[in-house]
Amino acid sequence: MSDGVEIIPVREMHKFNEGALFDYLTENVDGFKGPLQISQFQGGQSNPTFLLHTPERDYVMRKKPPGNLLPSAHAVDREYRVISALQQTDVPVPRTFCLCEDDSIIGTAFYIMEKVDGRIILSPEIQGSEPSMRAAIYDSLNDALAKLHNVDIDAVGLSDFGKKGNYFERQIGRWTKQYRASQTDNLEAMENLIKWLPENLPDSDDSTIVHGDYRLGNVIVHPTKPEVVAVLDWELSTIGHPLSDLAYNCMNYHYMHPRNGGLVGVDFKATGIPTEQEYIDAYCKRTGRAGIDNWEFYLAFSLFRTAAIVQGVYKRGLDGNASSKVGEEYAVFTNMLATLGWQKVDS
């Protein structure tokens with residue numbers, strides 16, 4: 001099975017002063033020794049991600065992209081804080097080394113973490129694996145999410161990491177503003193969701209740490225075992241409603257990603273992949289829930305929010321700021337997500 005990650009030379013738009021970075025790491029990361037070789041991960045739509053290779057060990061750097069950025073986006077400082085806090089829990093996260101918020105070093109804020117060995121599996125179908133391996137990987141993915149949502153926010157020092165309560169109301173407002181800031185076309189389904197969602201908020205108002213982009217492609221699976229060993233890409237994490245994470249994680253059951261595919265039409269029994277209901281039931285058991293009401297709302301919200309994010313990627317692609325060339329291909333994807341979201345609740 002491929003690890004799903006392409007390592008490329010640093011893209012022209014993301015080049016920075018490598019000497020300044022080397023000097024900073026030498027002074028701020030215990031045990032850091034050169035020489036330093038820098039390359040870039042092809043993914044990382046929002047925050048460019050780099051592989052820092054030294055003779056003794058490899059590191060990973062996440063930084064803000066260059067150019068004009070949307071308000072509150074690309075929060076590498078928040079990523080660093082939550083990953084660092086979760087190192088004292090049973091949530092699998094990489095070790096962090098340092099955060100630099102001084103733009104004068106390499107042009108933007110960045111942080112350094114360990115490179116965790118393993119596989120990044122982009123396809124939800126996990127092609128090339130035995131059914132038992134697929135089942136176990138999905139079970140570990142489910143378990144890691146439940147562990148995150150079971151973390152005591154106050155005990156890990158994240159009480160002020162976000163506001164408690166009214167999560168969906170605030171998020172709908174936030175992503176509506178972000179969508180407006182990057183809007184390029186008038187999408188009827190998106191307008192319908194912007195109106196419908198605030199008028200149909202669920203009664204449940206739980207608050208936990210939420211990842212914000214929890215999916216198979218954002219975790220590292222052990223090189224040989226069906227076990228999630230690190231959860232990555234915490235830029236959108238905050239204090240919020242745990243079912244937003246679960247619904248986002250289940251979107252693959254409802255559409256096919258233009259590049260990575262999905263679980264629509266999959267033979268679950270033959271592949272070993274759990275059905276959506278089986279996945280939900282496993283999560284509920286791990287988090288002490290009797291069940292979930294109004295599942296369609298959570299799905300519609302997740303599709304709306306993802307459409308707004310994808311629109312931002314598309315706009316950055318047009319402006320030349322996207323971290324990957326695929327950003328320029330996302331216009332149709334935004335409309336597809338919004339249309340599907342509206343279909344979930346338009347009855």
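## Helices H5 and H10

In this predicted model, helix H5 (residues 167-182) and helix H10 (residues 295-319) are roughly parallel to each other, a label given to angles under 35 degrees, with over 145 counting as roughly antiparallel, 65 to 115 as roughly perpendicular and the rest as oblique. Their axes cross at roughly 30° and come within 9 Å. Axes here are lines fitted to C-alpha atoms, for helices over the stretch in contact, and angles between N-to-C directions run from 0 to 180 degrees. Helices (H or I, at least four residues) and strands (E, at least two) are DSSP runs, numbered from the N terminus. The crossing of H5 and H10 is left-handed, a term for a near helix turned anticlockwise from the far one by less than a right angle, while clockwise gives right-handed.

On the H5 side, the contact (heavy atoms within 4.5 Å) is made by Tyr-167, Phe-168, Gln-171, Ile-172, Trp-175, Thr-176, Tyr-179 and Ser-182. Their partners in H10 include Phe-297, Phe-301, Phe-304, Arg-305 and Lys-315. By class, the residues of this contact are 11 nonpolar, five polar and two charged. In that scheme Ala, Val, Leu, Ile, Met, Phe, Trp, Tyr, Cys and Pro count as nonpolar, Asp, Glu, Lys and Arg as charged, and the others, Gly among them, as polar.

## Basis of the model

Residues are numbered from 1 along each chain as its sequence is written. Because the model is predicted, local features need pLDDT of at least 70 and side-chain atom pairs count only at pLDDT 80 or more, whereas totals for chains, interfaces and linings use all residues; side-chain values use heavy atoms, with hydrogens and water left out.

## Helices H7 and H9

Helix H7 (residues 242-249) packs on helix H9 (residues 276-287) at an angle of about 155°, and the axes are 11 Å apart. That angle makes H7 roughly antiparallel to H9. The crossing of H7 with H9 is right-handed.

Pro-242, Leu-243, Leu-246 and Asn-249 are the H7 residues in this contact, and they meet Tyr-279, Ile-280 and Tyr-283 in H9. The contact has six nonpolar residues, one polar residue and no charged ones.

## Nonpolar cores

A nonpolar core is a set of buried Ala, Val, Leu, Ile, Met, Phe, Trp, Tyr and Cys residues joined through side-chain atoms within 4.5 Å. Buried means under 20% relative accessible area, exposed over 50%, and partly exposed in between (1.4 Å probe, protein chains only). The largest core has 87 residues, and Ile-209 and Leu-246 have the most contacts inside it. Helix H10 supplies the largest share of this core, 13 residues. Another core, of 20 residues, lies apart from it and includes Ile-38, Phe-50, Leu-52 and Met-61.

Beyond residues up to four places away in sequence, Ile-209 touches Val-82, Leu-86, Leu-148, His-149, Val-151, Ile-153, Val-156, Leu-158, Thr-238, Ile-239 and Asp-245. Thr-208 is found in strand S7 and counts as buried at 10% relative accessibility.

The buried residues of helix H2 (residues 76-86) are Val-76, Glu-79, Tyr-80, Val-82, Ile-83, Ala-85 and Leu-86. Their cover includes strands S4 (58-63), S5 (96-100), S6 (110-114) and S7 (208-210), together with helix H4 (131-149). Arg-81 is also in H2, but is partly exposed, with a relative accessible area of 30%. Leaving aside neighbours within four places in sequence, Arg-81 is in contact with Gly-157, Leu-158, Asp-160 and Phe-161.

In helix H11 (residues 331-345), the buried residues are Phe-333, Thr-334, Leu-337, Ala-338, Leu-340, Gly-341, Trp-342 and Val-345. They pack against helix H6 (188-196) and H10.

## Backbone details in loops

The peptide bond from Gly-34 to Pro-35 is cis, with omega near 5°. Pro-35 lies in the loop between helix H1 (18-28) and strand S2 (37-41).

Asn-166, in the loop between H4 and H5, has phi near 55°, a positive value in a residue other than glycine. Asn-166 is partly exposed, with a relative accessible area of 46%. Asn-294, in the loop between H9 and H10, also has phi near 55°, and at 47% relative accessibility counts as partly exposed.
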